[in-house]
Amino acid sequence: IDKGYVAHELEGKKEQRNGDIRFYPKGDMDNPMDIEVKFDKMSRRTGNMCFELSNSKKATGIASTLADRVAYICTIKNGGFDVFMFVTSELKDFLFNKKNASKVKIKKGGDGNKFSLALVKFDTIISEELFSERWSLDA
(Lines give C-alpha, C1' and ligand atoms only; values in the text may rest on other atoms or scores of the structure.)
Protein backbone atom coordinates (compact mmCIF):
# COMPACT_ATOMS: atom_id res chain seq x y z
CA ILE A 1 0.00 0.00 0.00
CA ASP A 2 1.38 3.37 -0.96
CA LYS A 3 2.01 5.88 1.79
CA GLY A 4 -0.88 8.20 2.39
CA TYR A 5 -3.61 5.57 2.25
CA VAL A 6 -6.03 5.10 5.11
CA ALA A 7 -7.68 1.67 5.22
CA HIS A 8 -9.97 -0.37 7.42
CA GLU A 9 -11.63 -3.76 7.34
CA LEU A 10 -15.30 -3.90 6.41
CA GLU A 11 -17.31 -5.85 8.95
CA GLY A 12 -20.91 -6.96 9.14
CA LYS A 13 -23.02 -8.68 6.51
CA LYS A 14 -24.32 -5.53 4.83
CA GLU A 15 -20.97 -3.76 4.76
CA GLN A 16 -19.15 -6.82 3.40
CA ARG A 17 -21.23 -6.75 0.20
CA ASN A 18 -18.95 -3.81 -0.63
CA GLY A 19 -15.78 -5.87 -0.13
CA ASP A 20 -13.31 -6.72 2.61
CA ILE A 21 -11.23 -3.56 2.82
CA ARG A 22 -12.08 0.12 2.33
CA PHE A 23 -9.23 2.38 1.22
CA TYR A 24 -9.23 6.14 1.33
CA PRO A 25 -6.57 7.10 -1.24
CA LYS A 26 -4.32 9.89 -0.02
CA GLY A 27 -6.54 10.23 3.04
CA ASP A 28 -9.49 11.50 0.94
CA MET A 29 -12.34 10.38 3.21
CA ASP A 30 -14.96 11.42 0.62
CA ASN A 31 -13.80 9.00 -2.11
CA PRO A 32 -13.30 5.49 -0.73
CA MET A 33 -12.31 2.50 -2.83
CA ASP A 34 -13.68 -0.86 -1.69
CA ILE A 35 -11.66 -4.02 -2.37
CA GLU A 36 -12.79 -7.64 -2.24
CA VAL A 37 -9.87 -9.92 -1.29
CA LYS A 38 -9.72 -13.58 -2.31
CA PHE A 39 -7.06 -16.19 -1.59
CA ASP A 40 -6.92 -18.96 -4.21
CA LYS A 41 -4.88 -21.76 -2.64
CA MET A 42 -5.59 -24.21 -5.49
CA SER A 43 -4.35 -21.94 -8.27
CA ARG A 44 -0.80 -23.29 -8.34
CA ARG A 45 -1.99 -26.87 -8.79
CA THR A 46 -4.74 -26.17 -11.30
CA GLY A 47 -3.21 -23.38 -13.39
CA ASN A 48 -6.54 -21.54 -13.12
CA MET A 49 -8.02 -18.68 -11.17
CA CYS A 50 -11.34 -19.64 -9.63
CA PHE A 51 -14.09 -17.02 -9.35
CA GLU A 52 -17.15 -17.80 -7.21
CA LEU A 53 -20.42 -17.02 -8.99
CA SER A 54 -23.19 -18.53 -6.87
CA ASN A 55 -24.08 -20.74 -3.92
CA SER A 56 -27.23 -22.81 -4.27
CA LYS A 57 -28.36 -20.56 -7.15
CA LYS A 58 -27.94 -17.35 -5.10
CA ALA A 59 -25.44 -14.90 -6.62
CA THR A 60 -22.29 -14.73 -4.49
CA GLY A 61 -18.63 -13.82 -4.90
CA ILE A 62 -17.75 -11.85 -8.01
CA ALA A 63 -21.37 -11.96 -9.21
CA SER A 64 -22.70 -10.14 -6.15
CA THR A 65 -19.86 -7.95 -4.88
CA LEU A 66 -20.24 -4.19 -4.98
CA ALA A 67 -16.49 -3.69 -4.51
CA ASP A 68 -14.62 -1.37 -6.88
CA ARG A 69 -11.68 -3.78 -7.14
CA VAL A 70 -10.99 -7.47 -6.54
CA ALA A 71 -7.56 -8.60 -5.30
CA TYR A 72 -6.72 -12.27 -5.96
CA ILE A 73 -3.83 -13.75 -4.02
CA CYS A 74 -2.51 -16.90 -5.70
CA THR A 75 0.17 -19.30 -4.55
CA ILE A 76 3.23 -19.76 -6.79
CA LYS A 77 5.87 -22.51 -6.98
CA ASN A 78 8.51 -20.96 -4.72
CA GLY A 79 6.02 -20.69 -1.85
CA GLY A 80 5.40 -17.03 -2.55
CA PHE A 81 2.33 -15.30 -3.90
CA ASP A 82 1.16 -13.45 -6.97
CA VAL A 83 -1.39 -10.72 -6.29
CA PHE A 84 -3.64 -9.69 -9.17
CA MET A 85 -5.79 -6.56 -8.84
CA PHE A 86 -8.87 -6.45 -11.06
CA VAL A 87 -11.32 -3.65 -11.79
CA THR A 88 -14.52 -5.43 -10.74
CA SER A 89 -16.72 -4.18 -13.58
CA GLU A 90 -14.14 -5.22 -16.21
CA LEU A 91 -13.70 -8.67 -14.66
CA LYS A 92 -17.47 -9.20 -14.56
CA ASP A 93 -17.76 -8.09 -18.20
CA PHE A 94 -15.16 -10.69 -19.19
CA LEU A 95 -16.63 -13.54 -17.12
CA PHE A 96 -20.24 -13.00 -18.19
CA ASN A 97 -19.72 -12.08 -21.87
CA LYS A 98 -20.84 -14.99 -24.08
CA LYS A 99 -18.04 -14.28 -26.58
CA ASN A 100 -15.59 -15.45 -23.87
CA ALA A 101 -17.37 -18.78 -23.28
CA SER A 102 -14.38 -20.76 -24.61
CA LYS A 103 -12.07 -18.99 -22.12
CA VAL A 104 -14.28 -19.36 -19.03
CA LYS A 105 -15.08 -22.86 -17.79
CA ILE A 106 -18.09 -23.07 -15.44
CA LYS A 107 -17.88 -25.87 -12.85
CA LYS A 108 -19.64 -26.96 -9.70
CA GLY A 109 -17.56 -27.23 -6.54
CA GLY A 110 -17.21 -26.39 -2.87
CA ASP A 111 -19.34 -27.84 -0.09
CA GLY A 112 -21.58 -30.48 -1.65
CA ASN A 113 -20.97 -28.99 -5.11
CA LYS A 114 -23.37 -26.16 -4.23
CA PHE A 115 -21.09 -23.47 -5.66
CA SER A 116 -20.97 -22.39 -9.29
CA LEU A 117 -17.38 -21.41 -10.14
CA ALA A 118 -15.78 -19.76 -13.16
CA LEU A 119 -12.31 -21.11 -13.97
CA VAL A 120 -9.97 -19.01 -16.12
CA LYS A 121 -6.46 -20.14 -17.04
CA PHE A 122 -3.58 -17.96 -15.85
CA ASP A 123 -2.39 -17.74 -19.46
CA THR A 124 -5.73 -16.15 -20.39
CA ILE A 125 -5.65 -13.75 -17.43
CA ILE A 126 -2.20 -12.59 -18.56
CA SER A 127 -2.69 -12.59 -22.35
CA GLU A 128 -6.03 -10.76 -22.10
CA GLU A 129 -4.49 -8.31 -19.59
CA LEU A 130 -7.53 -8.66 -17.36
CA PHE A 131 -5.77 -7.29 -14.28
CA SER A 132 -4.99 -3.65 -13.58
CA GLU A 133 -1.99 -4.35 -11.34
CA ARG A 134 0.15 -7.34 -10.38
CA TRP A 135 2.66 -7.92 -7.59
CA SER A 136 4.82 -10.92 -6.72
CA LEU A 137 5.64 -11.55 -3.08
CA ASP A 138 8.50 -13.89 -2.17
CA ALA A 139 8.09 -16.54 0.49
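Reader: What makes strand β9 (residues 115-121) count as mostly covered?

Author: Six of the seven residues of β9 are buried, where buried means under 20% relative accessible area, exposed over 50% and partly exposed in between, with a 1.4 Å probe and protein chains only. This is a predicted model, in which local features need pLDDT of at least 70, side-chain atom pairs count only at pLDDT 80 or more, and totals for chains, interfaces and linings use all residues. Residues are numbered from 1 along each chain as its sequence is written, and side-chain values use heavy atoms, with hydrogens and water left out.

Reader: How do you know that strand β4 (residues 48-55) pairs with β9?

Author: Two strands pair if DSSP finds at least two bridges between them, and seven bridges join β4 to β9, so the two count as paired, in the antiparallel sense. Strands here are DSSP runs of E with at least two residues, helices are runs of H or I with at least four, and both are numbered from the N terminus.

Reader: Why are F84 and F86 called a stacked pair?

Author: Rings of Phe, Tyr and Trp (its six-membered ring) pair if their centres lie within 6.5 Å, and planes under 30 degrees apart count as stacked, over 60 as edge-to-face and the rest as tilted. The centres of F84 and F86 are 6.4 Å apart and their planes stand at 20°, so the pair is stacked. Both rings belong to an aromatic cluster that also includes F51, Y72, F122 and F131.

Reader: Why does F84 count as buried?

Author: The relative accessibility of F84 is 0%, and therefore F84 counts as buried; F86, also at 0%, counts as buried too.

Reader: What makes the contact between R134 and D82 a salt bridge?

Author: A salt bridge is a side-chain nitrogen of Lys or Arg within 4 Å of a carboxyl oxygen of Asp or Glu, and the closest N and O atoms of R134 and D82 are 2.8 Å apart. R134 lies in strand β10 (residues 133-137) and D82 in strand β7 (residues 81-87), so the pair ties together parts that are 52 residues apart in sequence.

Reader: Why is R134 called partly exposed, and why is D82 called buried?

Author: R134 has 39% relative accessibility and so counts as partly exposed, whereas D82 has a relative accessible area of 8% and is therefore buried.
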